[in-house]
Amino acid sequence: MIFDSLTPLPVPALPGRGAAVRVGADQPARPATQELNEALRTFSARFTELEKGQDGPALVVTTSGSTGTPKQTVLPASALAASARGTEAATNTHDAQWLLALPLQYVAGAQVVARSALAGTKPVITTSVSEGSRFTAQDFITSTEKLSTQHRLVSLVPTQLHRLLETPTGPLRSETLEALRSFSAILLGGAPASADLISTARDLALPVVRTYGSAETAGGCVYEGKPLPGVRVQIEPEATGPEAPGRIWLGGPTIASGYTKDPQRTAAHFFIDDNGTRWYRTDDLGTFGPSTGSLTVTGRADDVLISGGIKTSAAAVATALESHPDVREALVAGVPDARWGTTITAAITPVAGRNIQPGELTDALPRLVAEKLGAASAPKLIEVLPEFPTLPTGKPDRRAVQALLTAAWQAQQGSRGTSRGS
């Protein structure tokens with residue numbers, strides 16, 4: 001175990017303008033092609049310096065974080081290079097060309113550009129990224145046709161893959177599947193993918209690779225549960241016992257230097273051990289099998305909901321909801337309640353094309369969760385949405401869903417109070 005030999009990292013210095021690529025919602029919007037070309041030049045310069053033994057900051061990613069307080073994660077050139085080489089090894093590709101289907105303002109999009117710079121290739125940009133339009137199957141097909149190398153890679157979030165696989169039967173669906181199968185690997189990350197989505201992808205022989213990571217780890221650093229070359233995993237036991245999921249720690253050359261201008265949060269999450277290995281203490285829980293070397297992420301440390309004094313994992317409830325054949329995706333949130341302290345609520349999107357009667361799912365799903373996890377875990381409110389509101393990355397906007405569920409629960413309680421008083 002590493003926990004007795006760790007020293008907190010100092011806060012990294014913020015690189016000067018032009019010294020590193022800066023991405024995030026706080027950055028001014030510019031034409032995607034201009035951003036792409038500037039980022040390619042900057043990353044290429046940092047990798048050239050790295051070959052000469054100079055390892056400086058190459059990427060600064062600004063994210064809001066789960067608390068809403070902005071974080072500026074600083075990634076050195078060595079972390080981006082290690083991540084790129086690890087991806088090449090895990091996908092058995094070399095000098096691959098990438099399809100850029102995620103905005104450059106986020107780590108997954110920026111990493112596509114960094115990996116392209118290291119490989120000496122130029123990514124093809126989807127119209128959804130270049131023009132800020134909706135991601136569609138036709139956009140994906142047209143963009144994929146512009147790729148010119150044998151080895152081709154793309155990073156997608158689950159919502160995008162859902163959208164592609166929901167293309168109606170016909171020529172467009174055949175072309176969509178052909179385009180998906182043309183990739184050496186489809187890296188799927190950014191949010192948990194439902195078991196049904198993965199099963200469908202496997203049945204269709206799509207080269208989907210589930211990834212786990214964050215801006216702090218230079219993007220995905222665990223593929224299909226297996227750490228990339230050089231990446232290490234440790235589990236910090238929780239108070240509930242050694243067999244229960246524990247806090248996930250990730251170590252190795254892909255780890256960031258810390259959060260600039262934030263010494264307190266840097267010292268709480270970034271460490272270096274006696275061997276000089278950087279470690280990142282995540283906010284996720286999981287298990288790691290020593291014999292199999294496989295990581296299973298079970299949820300976030302802060303996703304435990306306490307309703308009526310009973311603890312429930314929001315991730316476990318979402319998984320139970322997604323086991324229903326008519327549920328496409330599920331998001332679970334706790335909302336304040338005078339009686340229960342926190343009430344478990346959920347929003348779901350139905351599988352496209354299913355003829356679902358009003359109230360059918362909202363009646364059946366709480367019973368399904370109660371059967372799998374116990375009555376205390378059953379959501380007391382379920383909202384059925386045609387689609388989740390999304391962030392520019394295509395990931396579900398959890399804050400927007402939380403606000404929607406809170407408002408719906410308050411409205412429901414208000415109507416009941418009015419009914420009782422009349």
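Visitor: On a 1 Å grid over the protein atoms alone, a cavity is a set of points where a 1.4 Å probe fits but cannot get out. How many of 30 Å³ or more does the structure hold?

Guide: Two. This is a predicted model, where local features need pLDDT of at least 70 and side-chain atom pairs count only at pLDDT 80 or more, while totals for chains, interfaces and linings use all residues. Residues are numbered from 1 along each chain as its sequence is written, and side-chain values use heavy atoms, without hydrogens and water.

Visitor: What volume has the largest cavity?

Guide: About 80 Å³, counting the space filled by probe spheres set on points joined across faces, edges and corners.

Visitor: Which residues line the largest cavity?

Guide: Ala 84, Arg 85, Thr 87, Glu 88, Thr 93, Ala 96, Trp 98, Arg 115, Leu 118, Ala 119 and Leu 153. A lining residue has an atom within 4 Å of a point.

Visitor: Which helix gives the most to that lining?

Guide: H2, with four residues. Helix H2 (77–91) and helix H3 (107–119) each supply at least two. Helices (H or I, at least four residues) and strands (E, at least two) are DSSP runs numbered from the N terminus.

Visitor: And how does the lining split by class?

Guide: For the largest cavity there are six nonpolar, two polar and three charged residues. Asp, Glu, Lys and Arg count as charged; Ala, Val, Leu, Ile, Met, Phe, Trp, Tyr, Cys and Pro as nonpolar; the others, Gly among them, as polar.

Visitor: What about the second largest cavity: what volume, and by class, what lines it?

Guide: Its volume is about 50 Å³. The lining has two nonpolar, two polar and four charged residues. Helix H6 (158–165) and strand E20 (327–337) are the elements that give two or more residues to the lining of the second largest cavity. Among the lining residues are Arg 163, Arg 328, Glu 329 and Glu 387.

Visitor: Changing topic. Is Ser 155 buried or exposed?

Guide: Ser 155 is buried, because its relative accessible area is 10%; the cut-offs are under 20% for buried, over 50% for exposed and partly exposed in between, with a 1.4 Å probe and protein chains only. Ser 155 lies in strand E7 (residues 152–156).

Visitor: Which residues does Ser 155 touch?

Guide: Leaving out residues up to four places away in sequence, Ser 155 touches Trp 98, Leu 99, Ala 101, Leu 102, Val 112, Gln 160 and Leu 187. Contact is heavy atoms within 4.5 Å.

Visitor: Now E10. How many of its residues are buried?

Guide: Five of the five residues in strand E10 (residues 219–223).

Visitor: Which strands join E10?

Guide: Strand E9 (residues 208–214) runs antiparallel to E10, with four bridges, and strand E11 (residues 226–227) is antiparallel to E10 with two bridges. Strands pair if DSSP finds at least two bridges between them. Val 222 in E10 stands opposite Tyr 212 and also opposite Pro 227 in E11.

Visitor: What is in the turn between E10 and E11?

Guide: That hairpin has two residues between the strands, and Glu 224 in the turn has a positive phi of about 50°. In the hairpin of E9 and E10, with four residues between the strands, Ala 218 takes a positive phi near 60°.

Visitor: Last one: which strand pairs with E16 over six bridges?

Guide: Strand E17 (residues 294–300), in the antiparallel sense. Asp 284 has Arg 300 in E17 as its bridge partner. The E16 and E17 hairpin has four residues between the strands, with Gly 293 in the turn at a positive phi of about 65°. Strand E13 (residues 246–251) also pairs with E16 (residues 278–289), antiparallel, over five bridges.

Notes. 1 Å grid on protein atoms, 1.4 Å probe; cavity = no way out; pocket = protein on both sides within 12 Å on 5 of 7 lines; lining within 4 Å.
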